[in-house]
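Have the sequence and the 3D view open as you read.

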Amino acid sequence: MYAIKHQARGLVSHGVSTCQGCALELAVRVILDVLGERTIIVIPPGCAALFSGFGNETALRIPGVQGNLENSAAIAAGIRAGLEVQGKDDITVLALAGDGGTVDIGLQSLSGAMERGDRILYICYDNEAYMNTGIQGSGSTPYGARTTTTPAGKPTFRKNVLEIAVAHRIPYVASASIAYLEDFRRKIARARDAGGTAYIHLHSPCPTGWGYDPSQTIRVAELAVQTLCWPLYEVVEGKTRITVKVNKPRPVAEYLQTQSRFRSMTPEEIDQVQRTVEAEYQRLLERAEA
Amino acid sequence: MSRLQDRVMQQSGSSKPVRYLYGPVATVFAATQTGTWRIHRPVINQAACNRCGKCARFCPLDIITMDRKDRSRDVTVDLTYCKGCGICAAVCPLGCIAMVPEGGEG
Amino acid sequence: MVRKLLDGNGAAAEAMRLARVQVIAAYPITPQSPIAEKLSQFVADGTLKAKYLRVESEHSAMSCLIGAQLTGVRTGTATSSVGLALMHEVLGVASGLRLPIVMPVVNRSLVSPWSLWCDHQDTMAERDSGWIQLYAADAQEVLDLTLLAYRVAEDPRVLTPIMVCMDGFFVSHTSQPVEVPDQEAVDRFLPPYRPQNLYLDVDDPMFVNDLTPPADFTEMRYQQKVGFEAALEVLPEVMDEFARHFGRRYDLVETYRCEDAEAVLVTLGSMSGTGKYVVDQLRAQGQKVGLLRVVSFRPFPADRVRAALSRVPVVGVMDRSAGLGAEVGPVCTEVRAALSAEGRQVPVVGFVGGLGGRDLAPKTLAAAFSRLLEIRAGAPAPRTSQWIDVRADALQLREVPAGVRH
């Protein structure tokens, strides 16, 4: 049992050393509010490790383990197997990893767990770069974004791990946004009860790494959805449904202009982003209507 | 229920039974006093606020308290932890939260 | 008890079944694959009640085991060579979290050059990973050392994972009659696993493996050191108990005809059987030679090695890994350190041989003994390792036309 040094309303301490305006901090509270205390969490190194704690103090009131950067899904799968053979079936096993630990170095173990169908809930909080190590580019860094390892702007588009998850035919895959909390909450609950591997990819704006005022986190996240840069959808047993429809999309430039990381993009590059997100959204619509 | 209570060792000079865990582990639930980071603090216009709750929902720290049924009770922010990010002010539909510099008037 | 014809891999799988491992995660690699196959077959046919995770890599295998063991169950895997190397990062997690995982390792050389065959470089590369390392000489020992390893690893004084090492092909694929104890007898020796240190339990939560400040790190490493020191006491205790239960006796080291020996060769693993044969032959010719086999390489039983060699005038050590950059191989380094601590100026000659599947044949070991006896007779003792079976054309292996390459 944890000794309680400071009280908190929920399962997460109120004072955690994430940056001002960190979307992840809100996400962790929302996720654990939905999942409750019968949850075991796996956290790799990264921003979320600030919740793991330091020394004898942790910011979480549930059992958890900090793994390595690339093995969150494998540790979670092992935890599930251990619980399963003991008949402990009412516990949620949650892996909470960033984009680096998911789309780059952790993709192999995630793919293994998804292919085996291990009953774990994997949530990727995507702040679109290696933020905890100082804003280095990742496979999820969007086209044109400046990071400390893409100083001239990233020359390639991000990899779409949501669709990689869909290709594994797992029962539940969803994108989510910190600006659409009810949508996010519903998806967490649905993923928990999916009966197999469930994957949620959360767009998690980072004022420090993206270059915007910390107060604008929710607005930036909302703009990503409204400009089609981050469509909100879910794929349940292979069936796609757009959960937040964007009938009148705003131009991507509105979203890109909110962040200094996109400042060096040329009008042609912005135009290419515009065409790409429109085409991808169209494909999503067609799949949802099919 | 707790296994921490069995396999106990007697700590010298204390009647409290304890045992020791080996390896890296945290056993204390604690908070950092993140309020010390704050440069601006939120000041709420209590009269203008309609208690819609949006600020509380989006506060990353979950430290805004309000009684949505009783407007006579003030909306409060726990300044022990508030980092002063200003998300509450930015999302308020009525614009009734102001971010005021710490150390200044107000 | 039944006698079964088993090879080392089969013996390892039988031992894990008898230990009632509950979660298995394994990835195939030559020459370990039969262990993974047999365990999955045991689960499929219901003779082992366990969950088998068919993982996509050794790194994930060990990661799964870490997660599963933290929930409070006994776990199992096995690996070899580059598979062990891929696990390297998480081996340290298992030992640092004090998880008593027992893992058979089938010794095979590391790349490059690619080789499917035996040497000890894979486990020697992990000698500082915080795992206990026991080296079995045959299939019976694989079964026995694996069974007793669970007791040692799970002992609250030790709480340290254990590798049970066996030589690839020489042990893993060589069948012999193996005495397989009854399940009831094993259950009497090995009680069900009960987590005593770190665990994941929603009814008794703790956060495992968070960031440790410099203020505590040294102390946590020290805790591990204390665990290794305890293992030097617990291993013989459990080995004695094993002998009472099953009649077969083991020790941290094994001496063979060392009493009045003028030269002793220190060995590890399956070369020891050949070594004993050579000792017998040389003894028959009137040469006073003996053999000292190290069973526990980690922890290294330095006191026992010193005691066994206390009156031996010339010592040789046969390393089955190169120890590149060191004066001698890793086992020889340990033996030299152990003997020098006593202040004795005994020559300890480091031999390197049997790499990448090359057989350590009787004539090779006999050549090593000859060198030792020459030194006993007054020849100078070399400081650096003697590559006892290297061919004379080592530097002329691949011939191509000379000329400038553009």
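## Where chains A and C meet

In which sense do β4(A) and strand β10 of chain C pair? They pair in the parallel sense over two bridges, with β10 covering residues 207-208 of chain C. Here helices (H or I, at least four residues) and strands (E, at least two) are DSSP runs, numbered from the N terminus, and two strands pair if DSSP finds at least two bridges between them. Look for A:Gly64, which stands opposite C:Phe207 in β10(C).

A quick note before going on: this is a predicted model, where local features need pLDDT of at least 70, side-chain atom pairs count only at pLDDT 80 or more, and totals for chains, interfaces and linings use all residues. Residues are numbered from 1 along each chain as its sequence is written, while chains are lettered from A and ligands numbered from 1 in the order in which they are written.

Back to the meeting place: 39 residues of chain A are in contact with 39 residues of chain C (contact means that the C-beta atoms, placed from the backbone, lie within 7 Å). On chain A's side, the largest share comes from α3(A), with eleven residues. That side has 18 nonpolar, 16 polar and five charged residues. For these classes, Ala, Val, Leu, Ile, Met, Phe, Trp, Tyr, Cys and Pro count as nonpolar, Asp, Glu, Lys and Arg as charged, and the others, Gly among them, as polar.

Zoom in on β3(A), and you'll find two bridges joining β3(A) to β4 (residues 28-29) of chain B. A:Thr58 stands opposite B:Phe29 there.

## Two domains in chain C

Chain C is split into domain 1 (2-246) and domain 2 (253-387), with bounds that come from an automatic or database domain assignment. Their centres, taken over C-alpha atoms, are 28 Å apart. The contact between them takes 26 residues from domain 1 of chain C and 21 residues from domain 2 of chain C. Domain 1's side of this contact divides into 16 nonpolar, six polar and four charged residues.

Notes: Two residues are in contact if their C-beta atoms, placed from the backbone, lie within 7 Å.
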